[in-house]
Amino acid sequence: MLSVKNITDIDCLTVADINLIMENAETFSEVLSRDFKKVPALRGKTVLNMFFESSTRTRNSFEIAAKRLGADTMNFSASASSLNKGESIIDTVKTLQSMIVDLAIIRHSDSGVIDYILSKTDIPLINAGDGKHQHPTQALLDLYTIRQNYKTFKNLKVAIVGDIVNSRVARSDISLFKKMCMDVTLVSAPMLMPENPDYFGSKIVKSIDDVIEETDVLYMLRMQFERQAKKYYPSVQEYNRFFSLDKKRLERIKEKSIIMHPGPVNRGIEISEQVMDNMENFNGRIKINRQVENGLAVRMALIYLILAAGGAGKDNIETNN
Ligand code: CP
């Protein structure tokens, strides 16, 4: 069992929790490889998707994950809801909870909104991304993807590149990767970093060229334009010069190294059009689509581990109907 009933951030998880999530994700990856990709583990449970901010990967993968576990799903649309009539977010959550919802998946553009909802309600929830704060399920699927490529996390060299200051993925990944004893280097510029550069306690370098030949995992962050009230970088050309992945740089990575990106990719900024158009041609080193695929198994594991504590057993994972 997990030590927590909500997934709010990476800090709330113990190493034992993380290992349990990884092991369960492996079980669900096997389920997803079957002809019939569904188990009845959570029949009768209801999972509520509340996305107050745009999403393609996270929202759809949570919805499919819940369905593959046999749960009912409810999709809340903020723009068509009574929020428009002045209902508060807390009253909205409580109203939907009254419809016997077992778990809420919440994404919001405000950092800290998840903790606020938890302080006012008792609905079990998973943070699907809150502002610049945390995106724990992205970090867990990233870890699972790394685990498929390396036998051990210890001392693995990870370079996280780009817009650190605006990125909830960076916050969650840095925290998780360090917890698993990886060696994390940040590749960024002062205007894309927190005011206190020592905030993360990681080594910082100024160009992707400083790490490209030695890194095991090159993690490209998205430029978070929607969170940039000011211009954080002089020009795309300048960004490309220090931080972008193109074919020439890709040819310099170590033989076993992998490339990751949480998506969506700003083509021509974080990764060149040429690399994006030929992702499958680099010996399977670019894991962007694999990260999406793994998101489903990891989210099944999380939903299962939270709701199964209420009674569903492992036997139900193994039953094929
Ligand atoms: N990586 C990620 O969170 O993508 P979405 O915004 O599409 O969910």
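Trainee: Which residue of β9 stands opposite V217?
Mentor: The structure is a predicted model, in which local features need pLDDT of at least 70 and side-chain atom pairs count only at pLDDT 80 or more, while totals for chains, interfaces and linings use all residues. Residues are numbered from 1 along each chain as its sequence is written, and side-chain values use heavy atoms, with hydrogens and water left out. In β9, the residue opposite V217 is I258.

Trainee: Over how many bridges do β8 and β9 pair?
Mentor: Strands (E, at least two residues) and helices (H or I, at least four residues) are DSSP runs, numbered from the N terminus. Two strands pair if DSSP finds at least two bridges between them. For β8 and β9 the pairing is parallel, and the number of bridges is three.

Trainee: Are the residues V217, L218, Y219 and M220 of strand β8 buried or exposed?
Mentor: Buried means under 20% relative accessible area, exposed means over 50%, and partly exposed lies in between, with a 1.4 Å probe and protein chains only. In a regular strand the side chains alternate between the two faces of the sheet. In β8 (residues 217–220), V217 and Y219 point one way and L218 and M220 the other, and all are buried.

Trainee: Which residue stands opposite M220 of β8?
Mentor: The strand to examine is β5 (residues 157–161), which pairs with β8 in the parallel sense over four bridges. The residue opposite M220 is V161.

Trainee: In what order do the five strands form the open sheet?
Mentor: Strands of a sheet pair through backbone hydrogen bonds, either parallel or antiparallel. In this sheet the pairing is parallel, and the order is β7-β6-β5-β8-β9.

Trainee: Which strands stand at the edges of the sheet?
Mentor: An edge strand here has a single partner strand, so one side of it is left without a neighbour in the sheet. The edges are held by β7 (203–205) and β9 (258–260).

Trainee: Which residue of β7 is the bridge partner of T185?
Mentor: T185 is placed in strand β6. Strand β6 (residues 183–187) runs parallel to β7, and three bridges join the two. The bridge partner of T185 in β7 is K203.

Trainee: What is the relative accessible area of T185?
Mentor: Contact means heavy atoms within 4.5 Å. Leaving aside its neighbours within four places in sequence, T185 is in contact with V158, A159, I160, K203, V205 and V211. T185 counts as buried, because its relative accessible area is 10%.

Trainee: What distance separates the centres of domain 1 and domain 2?
Mentor: The domain bounds come from an automatic or database domain assignment. Domain 1 covers 10–135 + 292–316, and domain 2 covers 150–286. Taken over C-alpha atoms, the distance between their centres is 27 Å.

Trainee: What area is buried between domain 1 and domain 2?
Mentor: Buried area is the accessible area (1.4 Å probe) that two parts lose on being put together, summed over both. Carbon and sulfur atoms give 54% of the area buried between the two domains. In domain 1, I10, R57 and K132 lose the most area to domain 2, together 42% of what that side buries. The buried area between the domains is about 1,400 Å².

Trainee: How far apart are the closest N and O atoms of R168 and E53?
Mentor: A salt bridge is a side-chain nitrogen of Lys or Arg within 4 Å of a carboxyl oxygen of Asp or Glu. By this rule the count comes to 14 salt bridges, and one is found across the interface of domain 1 and domain 2. R168 and E53 form a salt bridge in which the closest N and O atoms are apart by 2.8 Å.

Trainee: In which helix do E238 and R241 both lie?
Mentor: E238 and R241 form a salt bridge, with closest N and O atoms 3.7 Å apart. E238 is partly exposed at 26% relative accessibility, whereas R241 is exposed at 51%. The two residues are three apart, about one turn of the helix, and that helix is α7 (residues 236–243).

Trainee: What is the relative accessible area of E251?
Mentor: E251 meets K247 in a salt bridge of 2.9 Å, N to O. K247 is partly exposed, with a relative accessible area of 32%. E251 is exposed, because its relative accessible area is 55%.
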